[in-house]
Amino acid sequence: MTTPTASAALSLSQVRRVYPGGRLALADISLRIAAGEFVSLLGPSGCGKSTVLRLLSGLDIPTSGTISRELSDDAVPGYVFQDAALMPWASVRRNVELPLMLRGEPAATMRERVDAALRAVGLGDSAEAVPRELSGGMRMRASLARALVTSPQLWLLDEPFGALDEITRFALNQTLLSLCQPTGDGKPATAVFVTHSVYEAVFLSQRVLVMARPGRIVDEVAIAVPYPRDAGFRTTPHFAALCAQVSQALQRASAMGANA
Amino acid sequence: MTRGDALARAGVPTLSVLLFLAAWEIAVRALRIPAWLLPAPSLIATTLADNFASLAASWWFTVRITLIALALAMGGGVLIAALFALSRNAERALAPFAVVLQVTPIVSIAPLIMILTDSPLATVIVCAWLVAFFPILANTLTGLRSVDTNLRDLFTLQRATRWQTLRHLLVPAALPSFMTGLRIAGGLALIGEVGGEFAAGAAGRDTGLASRILESAFRTEIPKMFAALTLVALTGVALYLLTGALSRLTLQRWHESERH
(Lines give C-alpha, C1' and ligand atoms only; values in the text may rest on other atoms or scores of the structure.)
Protein backbone atom coordinates (compact mmCIF):
# COMPACT_ATOMS: atom_id res chain seq x y z
CA MET A 1 0.00 0.00 0.00
CA THR A 2 1.18 3.48 -0.80
CA THR A 3 1.65 5.55 2.30
CA PRO A 4 0.40 9.12 2.40
CA THR A 5 3.90 10.46 3.02
CA ALA A 6 5.25 9.10 -0.27
CA SER A 7 5.49 11.52 -3.21
CA ALA A 8 2.16 13.30 -3.27
CA ALA A 9 0.19 13.29 -6.50
CA LEU A 10 -2.11 15.90 -5.06
CA SER A 11 -1.73 18.34 -2.26
CA LEU A 12 -3.79 21.12 -0.79
CA SER A 13 -1.96 23.50 1.48
CA GLN A 14 -3.89 25.92 3.71
CA VAL A 15 -6.67 26.07 1.14
CA ARG A 16 -9.58 28.36 1.91
CA ARG A 17 -12.62 28.85 -0.26
CA VAL A 18 -15.17 31.53 0.47
CA TYR A 19 -18.08 31.73 -1.95
CA PRO A 20 -19.43 35.04 -3.16
CA GLY A 21 -21.91 36.04 -0.48
CA GLY A 22 -19.48 35.12 2.27
CA ARG A 23 -20.26 31.44 2.87
CA LEU A 24 -17.15 29.63 4.06
CA ALA A 25 -16.86 26.35 2.12
CA LEU A 26 -13.34 25.34 3.13
CA ALA A 27 -11.46 26.66 6.16
CA ASP A 28 -7.73 26.39 5.53
CA ILE A 29 -7.49 22.68 4.86
CA SER A 30 -4.31 20.83 4.03
CA LEU A 31 -4.12 17.35 2.65
CA ARG A 32 -1.77 15.14 0.67
CA ILE A 33 -2.75 12.25 -1.53
CA ALA A 34 -0.14 9.88 -2.92
CA ALA A 35 -0.02 8.65 -6.49
CA GLY A 36 -2.17 5.55 -6.85
CA GLU A 37 -3.92 6.10 -3.54
CA PHE A 38 -7.70 5.72 -3.09
CA VAL A 39 -8.99 8.29 -0.60
CA SER A 40 -12.58 8.88 0.50
CA LEU A 41 -13.96 12.15 1.81
CA LEU A 42 -16.77 11.46 4.26
CA GLY A 43 -18.84 14.00 6.12
CA PRO A 44 -22.23 15.62 6.64
CA SER A 45 -23.88 17.63 3.87
CA GLY A 46 -22.40 21.04 3.29
CA CYS A 47 -19.01 20.28 4.84
CA GLY A 48 -17.11 21.14 1.65
CA LYS A 49 -16.46 17.64 0.22
CA SER A 50 -17.58 18.54 -3.28
CA THR A 51 -15.67 21.81 -3.11
CA VAL A 52 -12.45 19.83 -2.56
CA LEU A 53 -13.17 17.85 -5.76
CA ARG A 54 -13.95 20.96 -7.77
CA LEU A 55 -10.72 22.57 -6.61
CA LEU A 56 -8.70 19.45 -7.42
CA SER A 57 -10.25 19.31 -10.90
CA GLY A 58 -9.54 22.96 -11.60
CA LEU A 59 -13.25 23.75 -12.05
CA ASP A 60 -12.99 26.10 -9.07
CA ILE A 61 -10.13 28.16 -7.69
CA PRO A 62 -9.29 28.71 -4.01
CA THR A 63 -9.71 32.05 -2.28
CA SER A 64 -6.29 31.50 -0.70
CA GLY A 65 -3.77 28.68 -0.30
CA THR A 66 -2.08 26.50 -2.90
CA ILE A 67 -3.04 23.36 -4.77
CA SER A 68 -0.51 21.19 -6.57
CA ARG A 69 -1.25 18.36 -8.96
CA GLU A 70 1.66 16.25 -10.07
CA LEU A 71 0.08 15.14 -13.30
CA SER A 72 1.25 15.54 -16.84
CA ASP A 73 0.04 18.81 -18.33
CA ASP A 74 -2.47 17.34 -20.72
CA ALA A 75 -3.95 15.00 -18.13
CA VAL A 76 -7.64 15.64 -17.58
CA PRO A 77 -9.11 14.00 -14.48
CA GLY A 78 -11.89 11.50 -14.91
CA TYR A 79 -14.76 13.28 -13.16
CA VAL A 80 -17.88 11.36 -12.19
CA PHE A 81 -20.85 13.41 -11.02
CA GLN A 82 -23.60 12.77 -8.53
CA ASP A 83 -26.06 12.09 -11.32
CA ALA A 84 -24.87 10.32 -14.44
CA ALA A 85 -24.86 13.62 -16.41
CA LEU A 86 -25.27 11.91 -19.77
CA MET A 87 -26.38 13.73 -22.90
CA PRO A 88 -29.99 12.51 -23.24
CA TRP A 89 -29.98 12.99 -27.02
CA ALA A 90 -26.94 10.79 -27.64
CA SER A 91 -26.44 7.02 -27.54
CA VAL A 92 -24.32 5.43 -24.83
CA ARG A 93 -21.52 5.11 -27.38
CA ARG A 94 -21.61 8.80 -28.27
CA ASN A 95 -21.74 9.75 -24.61
CA VAL A 96 -18.73 7.62 -23.77
CA GLU A 97 -16.69 8.79 -26.73
CA LEU A 98 -17.34 12.46 -25.93
CA PRO A 99 -13.98 13.18 -24.19
CA LEU A 100 -12.09 11.51 -27.05
CA MET A 101 -14.18 13.25 -29.70
CA LEU A 102 -13.51 16.65 -28.11
CA ARG A 103 -9.79 15.90 -28.33
CA GLY A 104 -10.04 15.01 -31.99
CA GLU A 105 -9.19 11.30 -31.60
CA PRO A 106 -9.35 9.38 -34.92
CA ALA A 107 -12.58 7.41 -35.38
CA ALA A 108 -10.94 3.98 -35.57
CA THR A 109 -9.04 4.14 -32.27
CA MET A 110 -11.96 5.93 -30.68
CA ARG A 111 -14.27 3.03 -31.45
CA GLU A 112 -11.78 0.56 -30.05
CA ARG A 113 -11.28 2.48 -26.82
CA VAL A 114 -15.01 3.05 -26.32
CA ASP A 115 -15.70 -0.65 -26.83
CA ALA A 116 -13.04 -1.54 -24.26
CA ALA A 117 -14.42 0.96 -21.73
CA LEU A 118 -17.98 -0.30 -22.23
CA ARG A 119 -16.87 -3.89 -21.74
CA ALA A 120 -14.98 -2.94 -18.58
CA VAL A 121 -18.14 -1.52 -16.98
CA GLY A 122 -20.39 -4.29 -18.30
CA LEU A 123 -22.25 -2.26 -20.92
CA GLY A 124 -20.92 -4.03 -24.00
CA ASP A 125 -24.44 -4.76 -25.23
CA SER A 126 -25.97 -1.34 -24.63
CA ALA A 127 -23.77 0.87 -26.80
CA GLU A 128 -26.61 1.98 -29.07
CA ALA A 129 -29.21 2.62 -26.36
CA VAL A 130 -30.08 6.18 -25.35
CA PRO A 131 -29.89 7.06 -21.62
CA ARG A 132 -33.67 7.05 -21.21
CA GLU A 133 -33.69 3.35 -22.07
CA LEU A 134 -31.25 2.48 -19.27
CA SER A 135 -31.74 1.86 -15.54
CA GLY A 136 -30.13 4.19 -12.99
CA GLY A 137 -27.31 1.73 -12.38
CA MET A 138 -26.61 1.32 -16.09
CA ARG A 139 -26.56 5.08 -16.57
CA MET A 140 -23.96 5.35 -13.84
CA ARG A 141 -21.97 2.58 -15.54
CA ALA A 142 -22.03 4.64 -18.74
CA SER A 143 -20.83 7.62 -16.74
CA LEU A 144 -17.94 5.54 -15.34
CA ALA A 145 -17.08 4.36 -18.87
CA ARG A 146 -16.99 7.98 -20.05
CA ALA A 147 -14.39 8.74 -17.35
CA LEU A 148 -12.50 5.52 -17.99
CA VAL A 149 -12.21 5.99 -21.74
CA THR A 150 -9.42 8.56 -21.35
CA SER A 151 -7.48 6.25 -18.96
CA PRO A 152 -7.26 9.02 -16.34
CA GLN A 153 -4.38 9.12 -13.86
CA LEU A 154 -6.77 10.81 -11.46
CA TRP A 155 -10.39 9.92 -10.70
CA LEU A 156 -12.59 12.47 -8.96
CA LEU A 157 -15.90 10.96 -7.90
CA ASP A 158 -18.63 13.13 -6.37
CA GLU A 159 -20.95 10.73 -4.57
CA PRO A 160 -21.64 8.83 -7.78
CA PHE A 161 -23.63 5.95 -6.29
CA GLY A 162 -25.71 7.91 -3.77
CA ALA A 163 -28.98 7.49 -5.66
CA LEU A 164 -28.65 3.76 -6.34
CA ASP A 165 -30.09 0.82 -4.45
CA GLU A 166 -27.74 -1.15 -2.24
CA ILE A 167 -27.29 -4.17 -4.51
CA THR A 168 -26.47 -2.01 -7.53
CA ARG A 169 -24.20 0.11 -5.36
CA PHE A 170 -22.22 -2.93 -4.18
CA ALA A 171 -21.80 -4.11 -7.77
CA LEU A 172 -20.64 -0.69 -8.90
CA ASN A 173 -18.21 -0.39 -5.98
CA GLN A 174 -16.62 -3.57 -7.21
CA THR A 175 -16.51 -2.27 -10.80
CA LEU A 176 -14.97 1.01 -9.66
CA LEU A 177 -12.21 -0.79 -7.74
CA SER A 178 -11.41 -2.92 -10.77
CA LEU A 179 -10.97 0.30 -12.78
CA CYS A 180 -8.92 2.29 -10.26
CA GLN A 181 -6.95 -0.56 -8.71
CA PRO A 182 -6.57 -3.01 -11.58
CA THR A 183 -5.14 -6.43 -10.82
CA GLY A 184 -2.21 -7.70 -12.88
CA ASP A 185 0.25 -5.24 -14.37
CA GLY A 186 -2.16 -2.27 -14.61
CA LYS A 187 -0.95 0.80 -12.76
CA PRO A 188 -3.30 2.01 -10.01
CA ALA A 189 -4.89 5.41 -10.56
CA THR A 190 -5.24 8.03 -7.87
CA ALA A 191 -8.86 8.38 -6.74
CA VAL A 192 -10.69 10.86 -4.54
CA PHE A 193 -14.16 9.65 -3.67
CA VAL A 194 -16.85 11.74 -1.98
CA THR A 195 -19.56 9.81 -0.16
CA HIS A 196 -22.13 9.87 2.63
CA SER A 197 -21.83 6.14 3.15
CA VAL A 198 -19.51 4.74 5.82
CA TYR A 199 -19.65 1.24 4.28
CA GLU A 200 -18.77 2.49 0.83
CA ALA A 201 -15.85 4.55 2.16
CA VAL A 202 -14.41 1.62 4.13
CA PHE A 203 -14.89 -0.88 1.31
CA LEU A 204 -13.25 1.26 -1.37
CA SER A 205 -10.50 3.32 0.18
CA GLN A 206 -7.08 3.10 1.70
CA ARG A 207 -7.76 6.19 3.73
CA VAL A 208 -10.99 7.81 4.91
CA LEU A 209 -10.84 11.53 5.65
CA VAL A 210 -13.69 12.68 7.87
CA MET A 211 -14.82 16.26 7.36
CA ALA A 212 -16.94 18.58 9.49
CA ARG A 213 -18.65 21.91 8.94
CA PRO A 214 -17.41 24.38 8.05
CA GLY A 215 -14.92 22.87 5.62
CA ARG A 216 -12.42 21.12 7.88
CA ILE A 217 -10.80 17.69 7.98
CA VAL A 218 -11.24 16.47 11.55
CA ASP A 219 -10.26 12.83 11.46
CA GLU A 220 -8.52 10.22 9.39
CA VAL A 221 -8.90 6.43 9.40
CA ALA A 222 -6.47 4.18 7.52
CA ILE A 223 -7.95 1.05 5.93
CA ALA A 224 -4.89 -1.19 5.78
CA VAL A 225 -6.43 -3.98 3.72
CA PRO A 226 -4.71 -4.87 0.44
CA TYR A 227 -6.46 -4.89 -2.94
CA PRO A 228 -8.14 -6.70 -4.58
CA ARG A 229 -11.06 -6.56 -2.19
CA ASP A 230 -14.11 -8.65 -2.92
CA ALA A 231 -17.59 -9.05 -1.47
CA GLY A 232 -16.14 -11.37 1.20
CA PHE A 233 -14.40 -8.36 2.78
CA ARG A 234 -17.78 -6.84 3.67
CA THR A 235 -18.62 -9.77 5.95
CA THR A 236 -15.37 -9.89 7.94
CA PRO A 237 -15.22 -8.73 11.59
CA HIS A 238 -12.35 -6.46 10.57
CA PHE A 239 -14.67 -4.66 8.11
CA ALA A 240 -17.30 -4.28 10.85
CA ALA A 241 -14.71 -2.89 13.28
CA LEU A 242 -13.45 -0.39 10.69
CA CYS A 243 -17.02 0.70 9.93
CA ALA A 244 -17.66 1.21 13.65
CA GLN A 245 -14.50 3.29 13.96
CA VAL A 246 -15.40 5.46 10.95
CA SER A 247 -19.02 5.81 12.15
CA GLN A 248 -17.84 7.12 15.52
CA ALA A 249 -15.51 9.59 13.81
CA LEU A 250 -18.40 10.73 11.62
CA GLN A 251 -20.68 11.19 14.64
CA ARG A 252 -18.06 13.32 16.37
CA ALA A 253 -17.64 15.33 13.18
CA SER A 254 -21.41 15.90 12.87
CA ALA A 255 -21.61 17.02 16.51
CA MET A 256 -18.78 19.49 15.91
CA GLY A 257 -20.60 20.88 12.92
CA ALA A 258 -23.78 21.27 14.94
CA ASN A 259 -21.93 23.28 17.60
CA ALA A 260 -20.04 25.39 15.10
CA MET B 1 -49.32 1.84 -29.60
CA THR B 2 -52.02 -0.58 -30.75
CA ARG B 3 -53.96 -0.28 -33.99
CA GLY B 4 -57.07 0.68 -32.04
CA ASP B 5 -55.19 3.62 -30.51
CA ALA B 6 -54.00 4.75 -33.92
CA LEU B 7 -57.53 4.56 -35.28
CA ALA B 8 -58.88 6.54 -32.34
CA ARG B 9 -56.19 9.19 -32.68
CA ALA B 10 -56.97 9.88 -36.31
CA GLY B 11 -60.63 8.87 -36.36
CA VAL B 12 -62.11 10.67 -33.36
CA PRO B 13 -61.07 14.21 -34.36
CA THR B 14 -62.09 13.57 -38.00
CA LEU B 15 -65.47 12.31 -36.90
CA SER B 16 -66.09 15.26 -34.56
CA VAL B 17 -65.26 17.74 -37.35
CA LEU B 18 -67.56 15.93 -39.82
CA LEU B 19 -70.38 15.92 -37.27
CA PHE B 20 -69.90 19.64 -36.67
CA LEU B 21 -70.07 20.37 -40.43
CA ALA B 22 -73.16 18.21 -40.82
CA ALA B 23 -74.89 19.98 -37.92
CA TRP B 24 -74.01 23.34 -39.47
CA GLU B 25 -75.37 22.29 -42.88
CA ILE B 26 -78.59 20.98 -41.38
CA ALA B 27 -79.08 24.03 -39.17
CA VAL B 28 -78.62 26.46 -42.09
CA ARG B 29 -81.10 24.55 -44.26
CA ALA B 30 -83.68 23.87 -41.56
CA LEU B 31 -83.68 27.40 -40.17
CA ARG B 32 -83.40 28.92 -43.67
CA ILE B 33 -80.52 31.14 -42.64
CA PRO B 34 -79.68 33.45 -45.58
CA ALA B 35 -76.26 32.99 -47.23
CA TRP B 36 -75.26 36.61 -46.49
CA LEU B 37 -75.61 35.83 -42.78
CA LEU B 38 -74.16 32.33 -42.57
CA PRO B 39 -73.49 30.23 -45.68
CA ALA B 40 -73.75 26.46 -45.44
CA PRO B 41 -70.54 24.41 -45.69
CA SER B 42 -71.65 23.07 -49.08
CA LEU B 43 -72.01 26.62 -50.44
CA ILE B 44 -68.58 27.57 -49.05
CA ALA B 45 -67.10 24.51 -50.77
CA THR B 46 -68.66 25.32 -54.14
CA THR B 47 -67.61 28.99 -53.83
CA LEU B 48 -64.09 27.83 -53.06
CA ALA B 49 -64.12 25.61 -56.15
CA ASP B 50 -65.55 28.36 -58.39
CA ASN B 51 -62.97 30.94 -57.29
CA PHE B 52 -60.14 28.48 -56.91
CA ALA B 53 -57.60 30.11 -59.25
CA SER B 54 -57.78 33.58 -57.72
CA LEU B 55 -58.02 32.29 -54.14
CA ALA B 56 -55.07 29.94 -54.70
CA ALA B 57 -52.94 32.90 -55.81
CA SER B 58 -53.88 34.78 -52.65
CA TRP B 59 -53.28 31.67 -50.59
CA TRP B 60 -49.80 31.33 -52.03
CA PHE B 61 -49.07 34.98 -51.22
CA THR B 62 -50.12 34.43 -47.59
CA VAL B 63 -48.20 31.19 -47.23
CA ARG B 64 -45.05 32.66 -48.77
CA ILE B 65 -45.06 35.72 -46.51
CA THR B 66 -45.82 33.59 -43.45
CA LEU B 67 -42.96 31.21 -44.19
CA ILE B 68 -40.52 34.04 -44.94
CA ALA B 69 -41.48 35.75 -41.67
CA LEU B 70 -41.21 32.45 -39.78
CA ALA B 71 -37.76 31.77 -41.23
CA LEU B 72 -36.63 35.29 -40.31
CA ALA B 73 -38.11 34.84 -36.82
CA MET B 74 -36.22 31.55 -36.40
CA GLY B 75 -32.95 33.13 -37.46
CA GLY B 76 -33.43 36.29 -35.44
CA GLY B 77 -34.87 34.54 -32.38
CA VAL B 78 -32.06 32.00 -32.20
CA LEU B 79 -29.31 34.58 -32.79
CA ILE B 80 -30.64 36.97 -30.18
CA ALA B 81 -31.21 34.09 -27.72
CA ALA B 82 -27.57 33.05 -28.23
CA LEU B 83 -26.47 36.66 -27.65
CA PHE B 84 -28.55 36.86 -24.44
CA ALA B 85 -27.21 33.51 -23.27
CA LEU B 86 -23.64 34.74 -23.76
CA SER B 87 -24.13 38.13 -22.16
CA ARG B 88 -26.47 39.10 -19.33
CA ASN B 89 -25.84 42.76 -20.10
CA ALA B 90 -26.95 42.33 -23.70
CA GLU B 91 -30.14 40.81 -22.35
CA ARG B 92 -30.63 43.61 -19.82
CA ALA B 93 -30.14 46.21 -22.55
CA LEU B 94 -32.37 44.66 -25.22
CA ALA B 95 -35.01 42.72 -23.30
CA PRO B 96 -37.26 45.79 -22.67
CA PHE B 97 -37.55 46.38 -26.42
CA ALA B 98 -38.36 42.76 -27.10
CA VAL B 99 -41.04 42.80 -24.40
CA VAL B 100 -42.59 46.10 -25.54
CA LEU B 101 -42.80 44.82 -29.11
CA GLN B 102 -44.34 41.59 -27.88
CA VAL B 103 -47.03 43.06 -25.62
CA THR B 104 -48.15 45.84 -27.97
CA PRO B 105 -51.01 44.52 -30.14
CA ILE B 106 -49.73 44.08 -33.67
CA VAL B 107 -52.69 45.85 -35.32
CA SER B 108 -51.81 48.99 -33.37
CA ILE B 109 -48.16 49.02 -34.52
CA ALA B 110 -48.94 48.04 -38.11
CA PRO B 111 -49.98 51.53 -39.35
CA LEU B 112 -46.73 52.91 -37.92
CA ILE B 113 -44.73 50.24 -39.73
CA MET B 114 -46.70 51.05 -42.88
CA ILE B 115 -45.64 54.72 -42.61
CA LEU B 116 -42.03 53.83 -41.83
CA THR B 117 -41.53 51.23 -44.56
CA ASP B 118 -43.88 52.76 -47.13
CA SER B 119 -44.42 49.27 -48.53
CA PRO B 120 -47.41 47.01 -47.88
CA LEU B 121 -45.27 43.92 -48.49
CA ALA B 122 -42.60 44.97 -46.00
CA THR B 123 -45.30 45.88 -43.47
CA VAL B 124 -46.87 42.45 -43.68
CA ILE B 125 -43.51 40.69 -43.32
CA VAL B 126 -42.49 42.86 -40.35
CA CYS B 127 -45.84 42.28 -38.61
CA ALA B 128 -45.66 38.52 -39.04
CA TRP B 129 -42.02 38.52 -37.96
CA LEU B 130 -42.70 40.58 -34.83
CA VAL B 131 -45.27 38.19 -33.41
CA ALA B 132 -43.42 35.02 -34.40
CA PHE B 133 -40.04 36.10 -33.19
CA PHE B 134 -40.69 36.45 -29.47
CA PRO B 135 -41.78 32.88 -28.62
CA ILE B 136 -38.74 31.54 -30.44
CA LEU B 137 -36.44 33.92 -28.57
CA ALA B 138 -37.99 33.21 -25.16
CA ASN B 139 -38.10 29.44 -25.55
CA THR B 140 -34.64 29.08 -27.07
CA LEU B 141 -33.21 31.23 -24.30
CA THR B 142 -34.83 29.01 -21.67
CA GLY B 143 -33.34 25.97 -23.40
CA LEU B 144 -29.87 27.47 -23.52
CA ARG B 145 -30.07 28.48 -19.86
CA SER B 146 -31.23 25.08 -18.63
CA VAL B 147 -28.28 23.04 -19.89
CA ASP B 148 -27.21 20.46 -17.28
CA THR B 149 -24.50 22.19 -15.20
CA ASN B 150 -22.59 18.93 -14.79
CA LEU B 151 -22.41 18.52 -18.55
CA ARG B 152 -21.19 22.11 -18.81
CA ASP B 153 -18.48 21.30 -16.26
CA LEU B 154 -17.55 18.19 -18.19
CA PHE B 155 -17.08 20.21 -21.38
CA THR B 156 -14.96 22.71 -19.42
CA LEU B 157 -12.82 19.93 -17.93
CA GLN B 158 -12.27 18.39 -21.36
CA ARG B 159 -11.19 21.83 -22.61
CA ALA B 160 -13.86 21.94 -25.28
CA THR B 161 -13.69 24.97 -27.56
CA ARG B 162 -16.61 27.42 -27.70
CA TRP B 163 -17.60 25.97 -31.05
CA GLN B 164 -17.55 22.39 -29.71
CA THR B 165 -19.63 23.41 -26.70
CA LEU B 166 -22.13 25.14 -28.97
CA ARG B 167 -22.40 22.29 -31.43
CA HIS B 168 -22.30 19.29 -29.15
CA LEU B 169 -23.95 20.65 -26.01
CA LEU B 170 -25.90 23.89 -26.37
CA VAL B 171 -27.66 23.25 -29.68
CA PRO B 172 -28.97 19.77 -28.85
CA ALA B 173 -29.84 20.78 -25.28
CA ALA B 174 -31.85 23.79 -26.45
CA LEU B 175 -33.58 21.91 -29.28
CA PRO B 176 -36.70 20.79 -27.35
CA SER B 177 -37.39 24.33 -26.12
CA PHE B 178 -36.71 25.74 -29.57
CA MET B 179 -39.23 23.29 -31.02
CA THR B 180 -41.85 24.44 -28.50
CA GLY B 181 -41.15 28.01 -29.59
CA LEU B 182 -41.44 27.06 -33.24
CA ARG B 183 -44.80 25.36 -32.73
CA ILE B 184 -46.19 28.51 -31.14
CA ALA B 185 -44.49 30.79 -33.68
CA GLY B 186 -45.89 28.91 -36.70
CA GLY B 187 -49.47 29.81 -35.81
CA LEU B 188 -48.54 33.31 -34.67
CA ALA B 189 -46.72 34.11 -37.92
CA LEU B 190 -49.95 33.45 -39.79
CA ILE B 191 -51.91 35.63 -37.34
CA GLY B 192 -49.30 38.36 -37.76
CA GLU B 193 -49.49 38.07 -41.52
CA VAL B 194 -53.28 38.41 -41.52
CA GLY B 195 -53.14 41.31 -39.05
CA GLY B 196 -50.48 43.00 -41.15
CA GLU B 197 -52.52 42.64 -44.34
CA PHE B 198 -55.59 44.11 -42.65
CA ALA B 199 -53.60 47.07 -41.41
CA ALA B 200 -51.57 47.61 -44.56
CA GLY B 201 -54.78 47.53 -46.56
CA ALA B 202 -53.01 46.07 -49.55
CA ALA B 203 -55.10 45.99 -52.68
CA GLY B 204 -54.53 45.00 -56.27
CA ARG B 205 -52.54 42.12 -57.68
CA ASP B 206 -50.28 41.13 -54.85
CA THR B 207 -52.73 40.39 -52.09
CA GLY B 208 -53.15 37.60 -49.62
CA LEU B 209 -56.15 35.88 -48.10
CA ALA B 210 -56.73 38.60 -45.51
CA SER B 211 -57.20 41.19 -48.27
CA ARG B 212 -59.65 38.84 -49.97
CA ILE B 213 -61.60 38.54 -46.73
CA LEU B 214 -61.80 42.33 -46.41
CA GLU B 215 -62.67 42.74 -50.08
CA SER B 216 -65.46 40.13 -49.90
CA ALA B 217 -66.84 41.76 -46.78
CA PHE B 218 -67.01 45.15 -48.50
CA ARG B 219 -68.80 43.58 -51.44
CA THR B 220 -70.96 41.47 -49.13
CA GLU B 221 -69.84 38.33 -50.94
CA ILE B 222 -70.14 36.41 -47.70
CA PRO B 223 -69.67 32.85 -49.10
CA LYS B 224 -66.41 34.01 -50.72
CA MET B 225 -65.33 35.56 -47.46
CA PHE B 226 -65.95 32.24 -45.73
CA ALA B 227 -64.03 30.42 -48.49
CA ALA B 228 -60.98 32.64 -47.89
CA LEU B 229 -61.42 32.25 -44.14
CA THR B 230 -61.50 28.47 -44.56
CA LEU B 231 -58.19 28.59 -46.41
CA VAL B 232 -56.63 30.70 -43.63
CA ALA B 233 -57.84 28.22 -41.01
CA LEU B 234 -56.61 25.21 -43.01
CA THR B 235 -53.23 26.88 -43.47
CA GLY B 236 -53.00 27.41 -39.71
CA VAL B 237 -53.83 23.75 -39.10
CA ALA B 238 -51.22 22.68 -41.68
CA LEU B 239 -48.56 24.84 -40.01
CA TYR B 240 -49.45 23.37 -36.64
CA LEU B 241 -49.23 19.80 -37.95
CA LEU B 242 -46.02 20.53 -39.84
CA THR B 243 -44.17 22.05 -36.88
CA GLY B 244 -45.51 19.26 -34.67
CA ALA B 245 -44.21 16.62 -37.07
CA LEU B 246 -40.83 18.35 -37.22
CA SER B 247 -40.65 18.34 -33.44
CA ARG B 248 -41.56 14.65 -33.21
CA LEU B 249 -39.06 13.78 -35.90
CA THR B 250 -36.16 15.45 -34.14
CA LEU B 251 -36.99 14.59 -30.53
CA GLN B 252 -38.96 11.40 -30.36
CA ARG B 253 -36.18 9.03 -29.43
CA TRP B 254 -34.90 10.93 -26.45
CA HIS B 255 -37.20 13.66 -25.22
CA GLU B 256 -40.06 13.15 -22.76
CA SER B 257 -42.29 15.71 -24.50
CA GLU B 258 -42.53 13.50 -27.60
CA ARG B 259 -43.13 10.16 -25.86
CA HIS B 260 -46.38 8.48 -26.63
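Modeller: Strands of a sheet pair through backbone hydrogen bonds, either parallel or antiparallel. In this predicted model, chain A has an open sheet of six strands, in the order β5-β6-β7-β3-β8-β9, with mixed pairing. Helices (H or I, at least four residues) and strands (E, at least two) are DSSP runs, numbered from the N terminus, and two strands pair if DSSP finds at least two bridges between them. The numbering of residues starts from 1 along each chain as its sequence is written, while chains are lettered from A and ligands numbered from 1 in the order in which they are written. As this is a predicted model, local features need pLDDT of at least 70 and side-chain atom pairs count only at pLDDT 80 or more, whereas totals for chains, interfaces and linings use all residues.

Biologist: How many bridges join β6 and β7 of chain A?

Modeller: Five bridges join β6 (residues 154–158) and β7 (residues 190–195) of chain A, and these strands run parallel. Within this pairing, A:L157 has A:F193 of β7(A) as its bridge partner. Helix α4 (residues 136–148) of chain A lies across β5 and β6 of chain A, and runs at about 165 degrees to β5(A).

Biologist: In which sense do β8 and β9 of chain A pair?

Modeller: Strand β8 (residues 207–212) of chain A pairs with β9(A) in the antiparallel sense, over six bridges. Here A:V208 stands opposite A:V221 of β9(A). The hairpin of these two strands has three residues between them, and A:G215 in it takes a positive phi near 55 degrees.

Biologist: How is burial to be read, and how many residues of helix α1 of chain A are buried?

Modeller: A residue is buried if 20 or more other C-beta atoms, placed from the backbone, lie within 10 Å of its own; it is exposed if 12 or fewer do, and partly exposed in between. In helix α1 (residues 49–57) of chain A, seven of the nine residues are buried, so the helix is largely enclosed by the rest of the structure. Among them are A:V52, A:L53, A:L55 and A:L56. Just after α1(A), A:G58 has a positive phi of about 90 degrees.

Biologist: Which residue other than glycine has a positive phi near 50 degrees?

Modeller: That is A:Q14, found in strand β1 (residues 8–18) of chain A. A:Q14 is exposed, with 12 other C-beta atoms within 10 Å. In chain B, B:R159 has a positive phi of about 55 degrees although it is not a glycine. B:R159 is in the loop between α7 and α8 of chain B and counts as exposed, with 12 C-beta neighbours inside 10 Å.

Biologist: How many helices and strands does chain B have?

Modeller: Chain B has ten helices and zero strands. Its C-alpha trace spans about 75 × 55 × 30 Å along its principal axes. Of the 260 residues in chain B, 35% are buried.

Biologist: How many residues of chain B are in contact with chain A?

Modeller: Two residues are in contact if their C-beta atoms, placed from the backbone, lie within 7 Å. By that criterion, 13 residues of chain B are in contact with 15 residues of chain A. On the side of chain B that touches chain A, α7 (149–157) and α8 (162–200) of chain B each supply at least two residues, and α7(B) gives the most, with six.

Biologist: What confidence scores accompany the model?

Modeller: The model scores ipTM 0.90 and pTM 0.82. The pLDDT is the predictor's confidence in each residue, from 0 to 100; for chain B its mean is 89, and 95% of the residues reach 70 or more.

Methods
Axes are lines fitted to C-alpha atoms, for helices over the stretch in contact, and angles run from 0 to 180 degrees between N-to-C directions.
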